[in-house]
Amino acid sequence: MSPGTGRRGVTSGLPPAHDVIDQALDKARGDCVVIVEESSEAEVRFANNTTTTNGLRRDRRVTVISFYETDSGVAAGIGRRGGNADVADLVAASERDAAGSPDAEDAAPLLEPGVKSEVGSGPGSSSVPGAEAFDHGPAETDLSVLRDVLAGLGGAFARAEAAGRVLAGFASHAIETVYLGTSTGIRRRHAQPTGSLHLVGRSADGSNSAWVGAGTADFSDVTIDQLEERLVGRLAWGARRIELEAGRYEVVLPPDAVADLMVGLVGSASGQEAEDGRTVFSAPDGRTKLGEVLAPLPFQLRSDPAEPGLTCSPFVVAPASSADSSVFDNGMPLASTRWIDGGRLARLRYHRAGAARSGQTVTPAIDNLVLELPEAAGSVEDLVAGTERGLLLTCLWYIREVDPATLLLTGLTRDGVYLVENGSVVGAVNNFRFNESPVDLLGRVTEAGATVRALGREYGEWVNRTAMPPVRVPDFNMSSVSPAS
Amino acid sequence: MSQHDPHAFDPATVTSVTSAALEHAERLGCIHADIRVERIRSQSVRLRDARLESAADDTEVGVGVRVVHGGAIGFAATVEVTAEAAVRLVDQAVDAARTTALAARLPVELAPEPAHGAVVWSSPYRVDPVDVPLADKVALFEDWSTRLLASPAIDHVTASLLGVSETKHYADLSGTEATQHRVRLHPVVEALALGDRGDGFETMRTLAPPVGRGWEYADGHGWDWEAELAAMPELLAEKLRAPSVESGRFDLVIDPTNLWLTIHESIGHATELDRAMGYEAAYAGTSFATFDKLGTLRYGSDIMHVTGDRTVEHGLATVAIDDEGVASRSFDLVRDGVLVGYQLDRSIARSSGLGRSNGCAFADSPLHTPIQRMANVSLQPAPGRGPSTESLIAGVEQGIYIMGDKSWSIDMQRHNFQFTGQRFYRIESGQITGQLRDVAYQATTTDFWGAMEAVGGTDTYRLGGAFNCGKGQPGQVAPVSHGCPSALIRNVSVLNTREESGR
């Protein structure tokens, strides 16, 4: 998996992560959690048919969470330092903060080791959930993982120039290795590779543009040539320009666009926030919409650390607490979680303390997201073929919450809106600003295809591992025309 | 007011790291090399209903080296602050330049910049916000939250604080060596009121902007927290009872607490020349204000005067020397309503032929390469005394006065935008007659600024801003301030956000 051997690593002067954890736990006077996040990243940007900036970096963050027992509960203090942290000083600082803080609202007993994750590492996964690899060094990457991409770009730039196209894009690869240790004896390590490739093509005058993107773990499954071929096809659709007014349109949303909408939906799925009355999942009198039907079609929206091709950390890593994530839950095994099941809202996020207070199931966040309609088949092309008149979108951009009560989001269509007539694309349409709620949209989907890997243009930067179906919505609200191209 | 930064690296360590790197870069034939050694300390605190939800101290350290070698650029960075590691970074950056040069079709060149020698600079502050004990911060926020929760009008209160103290050592082959220390602070309190039937809600957030000031800001230097918190319950109760806006076209009087964000999105980003020339086409986007329109594009009405600067006191983008060794300055972007300038870094200044950079390079971390980032982009007030906000409102027959920013979105060429706000007041016959709910305004950039009939005087001028402006791949976040007066914009499209959701 990791193309580098560690030979090129530049943090060789740093003590091993597992030693840092042992030292910190040794210095700690009370209960303590130590997280070491190592990351190795390589990337290259390109624009105007040439490479532009690039980067190679090694990061390390050490987080020490100290717990301080009071007469009435437990307080937590968190210190986080980059690089070759002075461990004794970091432990002392976090203990000082803990002693000066009020009792934590999310307090729960630290977890014990021996609780095995219900999920293992799937085929092709680099995840090492057990303690057996705890003393292994961090996985590394470097620009060699992008060798084929860079080689492919040379030819793609030449072809683009000859054809009057301008290419821009980004290729990046990162491996984050997380080490977790607790004073209760938990020792876990997980190495997470994350890659993405974006390619944008524009006509020389900028009036016609298209985007293709892909998430990948190691660039073995994505090439510039494949993406370029799809891009050229899209740009050919744009040879005919059609101006359309704002209004409600039947649209076919490709998986990449659906990914951004579903990431937006799950982002609002906090149990505590819903009980406070401030989200789309709030019901009157401090209740939530858990159990309510959101969609007539039996959609399943899930996160699963063992999801084939999308594996992610099988245990909780929480360097800080929030309304639904707790530092007290570090090391908790993660299992498949159905946020929506059979079209009903099935889970909201709760940390252990919140779940106990509300009588709900403990539900931590998981770093992937899959939307599936059971039995659904067909590709985005099949949905287009079944469209009498409608719009085929490419991706969504600049998505922002307008009204949390309905989860109304606004945003733009970007780099390719196409008019479909009688099952075929007949030309490219101007862009639109949309105002839509992903919760409402899910309820209005009339047809979905098979689930495939997808990369949200907006949120893919943070949630890289998603798989989504293409969907048809009969009445998508295009609020106004955007002259952007 | 500026003082020695006790958390700076030992000067001998910095010199050994930077000299080792620069000497090695010169030996390898780099025509340019710069190195940053940084320590960024931050503290975040968040309370929910007056109870501590999360608090964390963070210290980021690292070294970043950028080289221009063989006509290509290379960047490498690590968290290890030693001379040996810095020398390895130079090798890696040169290697990155060579590797990516295989697909390069244009050589990279940087605009010339004179050497500035040794520069030491600090932003003005009294108390470094990260040095204040956590317990004191929690106590202040508990007090603010408890006071608001005591009101029957308020059901929930969230309060958050982010304080940053950034120490940056910059050195390059030309001989510029800058040691700079900046602090910034953003306290935020938001109150929520549930509707009577328990099925709707409204929120109201403090309008206090993030600023380049120390902890004294939370103590009332530069903002009247007491007055703002005292007024909030009644304002929120009125908002909850307010009628929903009827969509249509209205004259808008926009307060600086809202207008700064419209300036940021529709002028700030649109006048970044790297965007206008296509270098952000895959991510942040391009710009309608293309380079061929410099000096001719009618951006707005004749009274529109917009500047960029990295010099204003307490400005979040303010520095002495930027992350490419360029001295900071102030410059015009829009004059008499016409596009007259762009924000530049050294590479884009060179390739555009505009001469020297105007100092807009910034990297948000020692581990990220510097890219062109936004200066403090500000709309200038009316000359002389100028109108008050009240007199702008007095000139409106049917309109809305908007305060505070909330939701924002703009397209990738910076044409079509939509903004909401914190408070919306109906204006009838020149008088404010109460709040409205569910307001969003939508416009196209040049239509909007072309319809700007009046700007307020210097008494209405305020500095707004954000800590989290995003750009670049991998993503970087930059702090930036925007000054502006109140402004009167005629005949703008106003939407009802409830109607937009189809309910």
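**Entry 1: a sheet in chain A**

I began with an open sheet of chain A, in which six strands follow the order S13-S12-S11-S14-S21-S20 with mixed pairing. Strand S13 (344-345) and strand S20 (452-454) of chain A are at the edges with a single partner strand each, so one side of each has no neighbour in the sheet. Some words on terms: strands (E, at least two residues) and helices (H or I, at least four residues) are DSSP runs numbered from the N terminus, and two strands pair if DSSP finds at least two bridges between them.

Before going on, I noted that this is a predicted model, where local features need pLDDT of at least 70, side-chain atom pairs count only at pLDDT 80 or more, and totals for chains, interfaces and linings use all residues. Residues are numbered from 1 along each chain as its sequence is written, while chains are lettered from A and ligands numbered from 1 in the order in which they are written.

Inside the sheet I looked up strand S11 (residues 300-303) and strand S14 (residues 369-372) of chain A, which pair in the antiparallel sense over three bridges. Here A:Leu301 stands opposite A:Leu371 in S14(A).

Which helix lies across S11, S12, S14, S20 and S21 of chain A? I found helix H5 (residues 255-267) of chain A there, running at about 115° to S21(A). Such angles run from 0 to 180 degrees between N-to-C directions, and axes are lines fitted to C-alpha atoms, for helices over the stretch in contact.

**Entry 2: the domains of chain A**

Chain A is divided into domain 1 (17-228) and domain 2 (240-315 + 335-345 + 365-485); domain bounds come from an automatic or database domain assignment. I read 26 Å between the C-alpha centres of these two domains of chain A. Their contact takes 25 residues from domain 1 of chain A and 23 residues from domain 2 of chain A, where two residues are in contact if their C-beta atoms, placed from the backbone, lie within 7 Å. On the side of domain 1 of chain A that touches domain 2 of chain A, strand S5 (187-203) and strand S6 (209-216) of chain A supply at least two residues each. By class, this side of domain 1 of chain A has seven nonpolar, 16 polar and two charged residues. For the classes, Ala, Val, Leu, Ile, Met, Phe, Trp, Tyr, Cys and Pro count as nonpolar, Asp, Glu, Lys and Arg as charged, and the others, Gly among them, as polar.

**Entry 3: where the chains meet**

**Entry 4: the domains of chain B**

For chain B, the assignment gives domain 1 (11-241) and domain 2 (248-500). Their C-alpha centres are 21 Å apart. I found 42 residues of domain 1 of chain B and 40 residues of domain 2 of chain B in the contact. S2(B) has the largest share of the side of domain 1 of chain B that touches domain 2 of chain B, five residues.

I followed strand S24 (residues 487-496) of chain B.

- Strand S8 (residues 248-254) of chain B pairs with S24(B) in the antiparallel sense over six bridges, and B:Arg249 has B:Ser493 as its bridge partner.
- Strand S20 (residues 439-444) of chain B and S24(B) are antiparallel over four bridges; B:Gln442 has B:Ser493 as its bridge partner.
- Strand S21 (residues 452-455) of chain B runs antiparallel to S24(B) with three bridges, and B:Val455 has B:Ala487 as its bridge partner.

**Entry 5: two backbone details**

Most residues other than glycine have a negative phi, and most peptide bonds are trans. A:Phe219 has a positive phi of about 70° although it is not a glycine. A cis peptide bond joins B:Gln473 and B:Pro474, with omega about -5°.
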